[in-house]
Amino acid sequence: MKVTRWQQLKAAPFRQAYFFPKAISVNWYKVREEGKRRLSPKAQLKLEWIIFYHTQAGKNAKATATHFGITRKTFHKWLKRYN
């Protein structure tokens with residue numbers, strides 16, 4: 001059985017992203033679908049912030065915060081929690 005990145009993160013929440021090989025490509029569609037099944041609506045919104053940051057905004061925190069109408073400080077707090 002193949003273990004997904006989501007399962008790896010759930011099994012070891014104390015690990016940071018740098019413990020995982022850089023070669024792992026994140027399939028954001030799968031992350032989003034897994035989030036819809038497991039997360040509350042508020043948590044799903046925060047996950048959308050992270051997905052937007054990595055895909056549409058080109059890892060630009062200011063653009064992401066502006067798009068969602070939140071402060072950069074709030075976004076960075078949730079980005080740190082995701083990683």
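# Starting from Thr64

If we set aside residues up to four places away in sequence, Thr64 touches Trp49, Phe52, Tyr53, Ala57 and Phe75. Touching, or being in contact, means here that heavy atoms lie within 4.5 Å. Residues are numbered from 1 along each chain as its sequence is written. What you see is a predicted model, in which local features need pLDDT of at least 70 and side-chain atom pairs count only at pLDDT 80 or more, while totals for chains, interfaces and linings use all residues; side-chain values use heavy atoms, with hydrogens and water left out.

Let us step back to the whole chain. The protein chain has five helices and zero strands, and along the sequence they follow the pattern α-α-α-α-α. Helices (H or I, at least four residues) and strands (E, at least two) are DSSP runs, numbered from the N terminus. Of the 83 residues in the chain, 24% count as buried. Buried means under 20% relative accessible area, exposed means over 50%, and partly exposed is in between (1.4 Å probe, protein chains only). Among the contacts with a separation of 6 or more, 36% come from residues 24 or more positions apart.

Now back to Thr64, which has its place in helix H4. Is Thr64 buried or exposed? Thr64 is buried, because its relative accessible area is 0%. H4 covers residues 61-68, and Ala61, Thr64 and Ala65 are its buried residues. These residues span an arc of only 95° around the axis, which puts them on the same side of H4. The arc is taken from the directions that run from the helix axis to the C-beta atoms. On the face of H4 turned away from its buried side, you can find the exposed residues Lys62, Thr66 and His67.

What covers the buried residues of H4? The cover includes helix H3 (41-55) and helix H5 (72-82). Have a look at the two ends of H4 as well. Asn60 caps the N-terminal end, with a side-chain oxygen 3.0 Å from the backbone nitrogen of Lys62. Such a polar contact is a pair of N or O atoms within 3.5 Å; within protein, one must be able to donate a hydrogen and the other to accept it, and residues adjacent in sequence count only if both atoms are side-chain atoms. After H4 comes Gly69, whose phi is positive, near 70°.

Next, follow H3 to its partners. Two packed helices are described by the angle between their axes and the distance between the axes. The axes are lines fitted to C-alpha atoms, for helices over the stretch in contact, and the angles run from 0 to 180 degrees between N-to-C directions. H3 and H5 pack at about 90°, with axes 10 Å apart, and are therefore roughly perpendicular to each other. Angles under 35 degrees count as roughly parallel, over 145 as roughly antiparallel, 65 to 115 as roughly perpendicular and the rest as oblique. At this meeting place, Lys46, Leu47, Trp49, Ile50, Tyr53 and His54 in H3 meet Thr74, Phe75, Trp78, Leu79 and Tyr82 in H5. By class, the contact of H3 with H5 has eight nonpolar, two polar and one charged residues. Ala, Val, Leu, Ile, Met, Phe, Trp, Tyr, Cys and Pro count as nonpolar, Asp, Glu, Lys and Arg as charged, and the others, Gly among them, as polar.

H3 also packs with helix H2 (residues 28-38), at an angle of about 175° and with the axes 10 Å apart. That makes H2 roughly antiparallel to H3. By class, the contact of H2 with H3 has five nonpolar, four polar and three charged residues. In H2, the buried residues are Trp28, Val31, Glu34 and Gly35. Seen down the axis of H2, these fall within an arc of 120°, so they line one face of the helix. The face turned away carries the exposed residues Tyr29, Lys30 and Arg37. H2 has a cap too: a side-chain oxygen of Asn27 lies 3.1 Å from the backbone nitrogen of Tyr29.

Ile51 counts as buried, at 2% relative accessibility, and beyond its neighbours within four places it is in contact with Trp28, Arg32 and Gln56. His54 is partly exposed, with a relative accessible area of 25%.
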